[in-house]
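Let's take a friendly walk through a protein model, going from whole chains down to single residues. Keep the picture open while you read.

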Amino acid sequence: MNFDDTPEEAAFRAKAREWVQANAPKEYEAELSQASLGRITLKKGDMVEVGKAWQKKKFDAGWACLSWPKEYGGRGATPIEKVIWQQEEGVYGKLTQPFQIGEGMCGPTVMAFGSEEDKRRRLPKLASGEEIWCQLFSEPSAGSDVAGLRTRAERDGDGWIINGQKIWTSGAHYSNYGLLFARTDPDAPKHKGLTMFFLDMKSPGVEVRPIKQASGMQEFNEVYFTDVRIPDSQRLGNVGDGWNVSLTTLMNERMSIGSRLATGFPEIFAFCSDFVTEHGAALDDRAVRAKLADWAVKSSGLKYTAYRSLSALSRGERPGPENSIGKLVAGTMVQDIATFAMDLQGAAGALTGAADAEVGGRFQTMWIGAPGTRIAGGTDEILRNIIAERVLGLPGDIRVDKNVPFNKIPTKGR
Amino acid sequence: MNFEFSDDQKQLRDQARRFLAEKCPPKAVRAVLEGSAGYDKALWSGLAEMGFLGVAIPEEFGGTGAGHLELCVIAEEMGRALAPVPFSSTVYLAAEALMLAGSDAQKQKWLPKIASGDAIGTLALFEGPGNPSPQAIKVAAANGVLNGVKKPVADGAIADFAIVAARNGSGGRETDIALYLVDLKAGGVEAKTLTNLDPSRNQAELTFKDCKAEPLGATNEGWSILSRVLDRAAVLMAFEQVGGADRALEMGRDYALDRIAFGRQIGSFQAIKHILADMYVAATLARSNCYYGAWALSTNAGELPEAAATARISATQAFQHCSKQNIQVHGGMGFTWEFDCHLYYRRSNALALSLGSLSYWEDQLIERMRKKNAA
């Protein structure tokens with residue numbers, strides 16, 4: 001048992017470190033290090049533009065989309081090499097935020113189901129950051145139940161006409177392409193009438209509107225489609241086989257290991273180390289210690305769980321299911337930590353002004369954003385279902401809508 | 001990165017699991033729980049024959065000298081099977097204390113007997129309610145004899161020898177505490193079995209009356225030796241707890257697949273799925289923290305005090321959570337004497353309260369993290 005790299009891994013790490021040292025945009029280092037959860041905004045520069053420049057630089061030197069094949073703009077690297085790269089890229093990895101959905105989900109889906117022509121034309125541009133992709137899955141009436149989506153794709157000669165609405169689309173306003181999940185047959189049972197496409201986000205009839213979230217931030221969008229035309233060549237997989245295609249997309253999402261999961265623990269430990277309550281130093285309080293210890297072991301548990309998965313990758317094996325706990329544990333933890341940090345501050349904990357809030361209002365920002373973390377990318381409840389069904393082997397829920405034609409499934413109020 | 005047990009170690013685990021499945025079914029645990037023997041003697045001899053008692057004891061002292069990672073693997077299996085034997089007292093505490101601080105003669109005398117199953121050892125630390133603290137130790141050492149009362153002492157009524165923490169000076173400072181090695185069969189000590197919540201393990205009161213004792217290690221270093229022993233034992237105990245947690249999770253899962261209510265498997269209800277998913281989360285976090293502890297223990301890393309506290313807290317939480325929720329998943333049947341759920345519930349509590357309880361280790365962890373940060 002050790003934490004050491006193999007000689008090959010060490011050589012790869014040295015190469016990556018050297019390149020990052022020589023090429024990273026160091027002027028953003030401090031700001032990126034302090035960035036808290038959620039979408040990052042830079043004081044001196046547009047996040048997307050700075051991100052694109054970094055992505056292009058990486059692409060030119062062969063450090064973009066590492067696990068993709070070379071002919072599509074990647075490096076053909078092994079999964080463990082990709083993780084080593086992420087470790088060495090460090091805080092600059094935060095600049096890749098606009099490209100993560102493309103690299104992790106859209107790209108692999110196009111790779112698996114797209115035509116060779118599309119793969120060669122689109123994927124290298126995605127890898128270089130020249131073109132950004134978004135994922136058009138969720139709808140107002142299809143969140144956790146994504147197969148309940150209602151956006152229609154209707155045949156029209158050699159193409160399709162799209163009408164409907166998507167929601168919670170990250171980056172739609174700056175994306176060039178979108179992976180679109182649509183219903184092609186409303187008479188079929190809900191999982192069987194779906195088809196996957198990709199589309200140009202600048203197509204006529206596509207309208208992107210930002211959503212103002214409960215936190216006051218605008219990180220997501222609604223996307224409306226009115227008679228948007230897509231050529232049939234942009235269909236991914238067979239007509240009616242969209243559900244299987246989407247599983248590929250989502251499986252790729254879950255395979256991302258060692259991702260930068262924020263727990264809030266370093267922040268709360270540092271805060272309690274300095275903060276003085278009416279009873280004295282917060283860290284001397286047994287009640288504070290008990291809470292900190294609980295979060296410390298959760299945070300440590302997540303770290304070493306990721307290490308176990310990395311060990312499997314390092315041996316060239318597929319990691320076990322243990323990483324599926326990550327977001328479930330971290331999401332609640334961030335919320336609890338932020339709540340506790342403000343509790344220690346009493347009434348002043350509610351203040352957010354730069355002059356009034358402790359540590360720059362970091363916990364207040366965490367707290368107001370935390371409910372979103374527990375919902376986006378799989379709610380806590382869906383994640384528990386996944387663990388129960390796919391890891392523990394429990395039976396799926398009994399579904400009343402499974403074999404019913406989609407257009408006969410009852411909807412709200414009926 | 002190789003944060004995983006080796007293939008040989010995994011083979012050892014399979015071997016231990018098979019052995020315990022045969023020699024330590026729930027029936028054997030119940031025999032001790034409902035009887036008066038205090039432990040399963042046949043199982044204890046079997047464990048010695050398999051070489052499991054001396055797996056971390058060097059060959060020159062009668063062990064197999066395999067190492068502490070191997071001991072972690074076996075500890076997990078002992079926890080899974082709820083082995084009703086004085087394994088933790090003898091192997092995690094007495095043997096570790098001897099190996100850390102014993103003289104050559106002391107090691108020669110006792111370690112081979114531990115490995116061969118001929119001697120049961122324990123640590124006599126607590127004196128009534130409370131967690132480890134030098135001030136709480138009142139048993140007095142003077143002129144080579146001990147006087148005072150220790151309770152509870154795990155496996156105290158079945159042990160052949162004990163490592164006893166005693167006050168050597170007049171105050172309650174750390175340097176006033178010394179460890180003594182006492183042959184419990186040589187007179188001067190009276191052992192009385194105490195009733196407790198997990199009768200599959202013995203708990204006793206030991207009364208020392210002018211009892212002959214020899215120092216183990218320097219007499220002003222008892223507390224620091226003890227702290228190191230507790231850290232080492234905490235990692236090993238954590239593996240035992242994770243073994244128990246995993247088994248409780250499996251029992252709950254299997255029952256949820258088997259039991260039909262409202263015309264369907266109860267495991268198809270989200271209310272049950274979510275209970276089991278949370279058990280899996282707790283068990284997984286604990287296992288990963290245990291691996292961290294195992295790494296620190298086996299390499300004598302500077303991180304051991306922090307890693308031990310981390311593994312211990314996480315594993316205590318996991319075993320308590322899983323054994324408690326396993327009963328909930330089982331419903332009424334889980335609360336019968338007939339079903340095995342209560343055996344795990346009882347054991348999770350017994351292990352949680354030994355070696356210092358959850359609140360003690362939580363306090364230790366934060367103190368250790370603070371010291372590290374200040375350094």
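## The chains at a glance

Into which domains is chain A divided? Domain 1 covers 7-127, domain 2 covers 133-245 and domain 3 covers 257-378. Between the centres of domain 2 of chain A and domain 3 of chain A, taken over C-alpha atoms, there are 34 Å. Please keep in mind that this is a predicted model.

Chain A contains 12 helices and 10 strands, and its C-alpha trace spans about 75 × 55 × 45 Å along its principal axes. A compact globule of 414 residues would have a radius of gyration near 22 Å, and the 23 Å of chain A agrees with that. In chain A, 40% of the 414 residues are buried. If you take the contacts in chain A with a separation of 6 or more, 70% of them are between residues 24 or more positions apart.

Now for chain B. Here you will find 11 helices and 10 strands, with a C-alpha trace of about 75 × 50 × 40 Å along the principal axes. For 375 residues, a compact globule would have a radius of gyration near 21 Å; chain B has 20 Å, which agrees. Of the 375 residues in chain B, 56% count as buried. Among contacts in chain B between residues at least 6 apart in sequence, 74% link residues at least 24 apart.

## Where the chains meet

Among the buried residues of α11(B) are Trp361(B), Leu365(B) and Met369(B). The cover over the buried residues of α11(B) includes parts of both chains: α8 (265-274) and α9 (286-314) of chain A, and α9 (304-330) of chain B.

## Looking inside

In soluble globular proteins, nonpolar side chains tend to be buried together. In this model the largest nonpolar core has 223 residues, and those with the most contacts inside it are Ala97(B), Ala162(B), Val164(B), Tyr180(B) and Val182(B). Helix α7 of chain B (residues 222-258) supplies the largest share of this core, 19 residues. Apart from it lies another core, of six residues, including Ala24(A), Tyr28(A), Val50(A) and Leu95(A).

What does Ala97(B) touch, not counting residues up to four places away in sequence? Its partners are Leu123(B), Ile163(B), Leu179(B), Leu216(B), Ile225(B) and Val229(B).

## A closer look at one arginine

Arg167(B) sits in strand β4 of chain B (residues 161-167). Is Arg167(B) buried or exposed? Arg167(B) is buried, because 23 other C-beta atoms lie within 10 Å, and the cut-off for buried is 20 or more.

Leaving aside neighbours within four places in sequence, the contacts of Arg167(B) include Ile137(B), Val139(B), Ala141(B) and Asp176(B). Asn147(B) is 20 residues away from Arg167(B) along the chain, and their C-alpha atoms are separated by 9.9 Å.

Note on methods
Residues numbered from 1 in each chain as written. Chains lettered and ligands numbered in written order. Predicted model: local features only at pLDDT ≥ 70, side-chain atom pairs only at ≥ 80, totals over all residues. Buried ≥ 20, exposed ≤ 12 C-beta atoms within 10 Å, placed from the backbone. Helix = DSSP H or I, 4+ residues; strand = E, 2+ residues; numbered from the N terminus. Contact = placed C-beta atoms within 7 Å. Core = buried A, V, L, I, M, F, W, Y, C linked by C-beta atoms within 7 Å. Rg over C-alpha atoms; globule rule 2.2 N^0.38 Å. Domains from an automatic or database assignment.
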